[in-house]
Amino acid sequence: MTDSFRVGISAYDVDAADFTELAAAADGLGFDTLWLGEHVLAPESANETAHPAAEGQPRHHTGGLLDPAVRLVDPLTTLAAAAARTRRITLATGVYLLPLRHPLATARVVSTVQQLAGGRFHLGIGAGWLEAEFAALGIDFRTRFSRMEECVDVLRAAWRGGWFSHSGKHFRFGRVHLSEHPVRVPLVLGGNSGPALRRAARLADGWLSSGTLDYDTAARLRDQLAAADAAEGRTTPLRCWFRIERPDPVLAGRFAAEGMTDLVVWADQVWKGPGQDDRRNSLARAAAELGVAPSGP
């Protein structure tokens, strides 16, 4: 890793087995984080709805985000497999659609992934944006933000260890027990809107940009996040990851010079080629160009 910035990789529309190969290669080369995005399913009407982060920003995915050819994998089981193939790299969901699941089930499976990862797992979460996906799963789209915040409350309680109960607007249960001991899982929130940034400052340990950012937008969001941190009285600022347009060391250096030092590139820009050897060589070239190198033994 360079002295001035860290580089992560964000993947979507991937084969699960190929993702674990990417994880092993990225871990060996010294990449800092590996993110896996998701949708649970693809409604037939999905591509009639534009992603909210796409307007006015560089578009990485030129086709439909959920057309029939897109490969959707479960992020937590896939990242658990990646944990078994890696030693150093931080593994993360980027992002997991938290309101689509019951938080007790999420707390259980995430605790297991964290155990397999040896503490290297971050849970990146979002509220979701595709109404048809919520409808297919029988969940009210209009309540997604309040459901997400309540899910966070349940997750935090579950991971403190010991018995706990909950009585809220969306979830109610008596005393239950998931773990005797505390489980540390950093929460990273996505979203580029003002409410999303303020929510991240209030609830999360970190923030991941949604979509792909040009430099000016990234700088504006950085300033908004700093203001949100100050308004919340945070003594420790959010760690912020910025997804950039391309794996360009000049562009990365420009971000880093302005304090944006956790950068993320898209997997299909650096892990490409017809065979595994081609993809490993492609990743190694990208690592060399960006100054990524392993740290420690």
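Which residue in β3 is the bridge partner of leucine 36? I looked this up first in what is a predicted model, and I found that leucine 36 has threonine 93 as its bridge partner in β3.

Entry on the strands. I noted that strand β2, residues 33-36, runs parallel to β3 and is joined to it by four bridges. I then turned to strand β5, residues 121-126, which also runs parallel to β3 and is joined to it by two bridges, with leucine 91 standing opposite phenylalanine 121 of β5.

Entry on the aromatic pairs. I searched the whole structure and recorded five aromatic pairs. One of them joins phenylalanine 164 and phenylalanine 173 edge-to-face, at 5.7 Å centre to centre and with 90 degrees between the planes. I count phenylalanine 164 as buried because its relative accessibility is 8%, and phenylalanine 173 as buried because its value is 15%. Tyrosine 215 and phenylalanine 255 form an edge-to-face pair at 5.4 Å centre to centre, again with 90 degrees between the planes. Tyrosine 215 lies in helix α7, residues 215-232, and phenylalanine 255 in helix α8, residues 249-257, so I read this pair as tying together parts that are 40 residues apart in sequence. I also noted that tyrosine 215 and phenylalanine 255 are both buried.

Entry on charges over rings. I found arginine 254 over the face of tyrosine 215, at 3.6 Å from the ring centre. Elsewhere I recorded that the charged end of arginine 144 sits over the ring of phenylalanine 141, 3.8 Å from its centre.

Definitions and conventions
Residues are numbered from 1 along each chain as its sequence is written. This is a predicted model: local features need pLDDT of at least 70, side-chain atom pairs count only at pLDDT 80 or more; totals for chains, interfaces and linings use all residues. Side-chain values use heavy atoms; hydrogens and water are left out. Rings of Phe, Tyr and Trp (its six-membered ring) pair if their centres lie within 6.5 Å; planes under 30 degrees apart count as stacked, over 60 as edge-to-face and the rest as tilted. Buried means under 20% relative accessible area, exposed over 50%, partly exposed in between (1.4 Å probe, protein chains only). A charge sits over a ring if NZ of Lys or CZ of Arg is within 6 Å of the ring centre and within 35 degrees of the ring normal. Two strands pair if DSSP finds at least two bridges between them.
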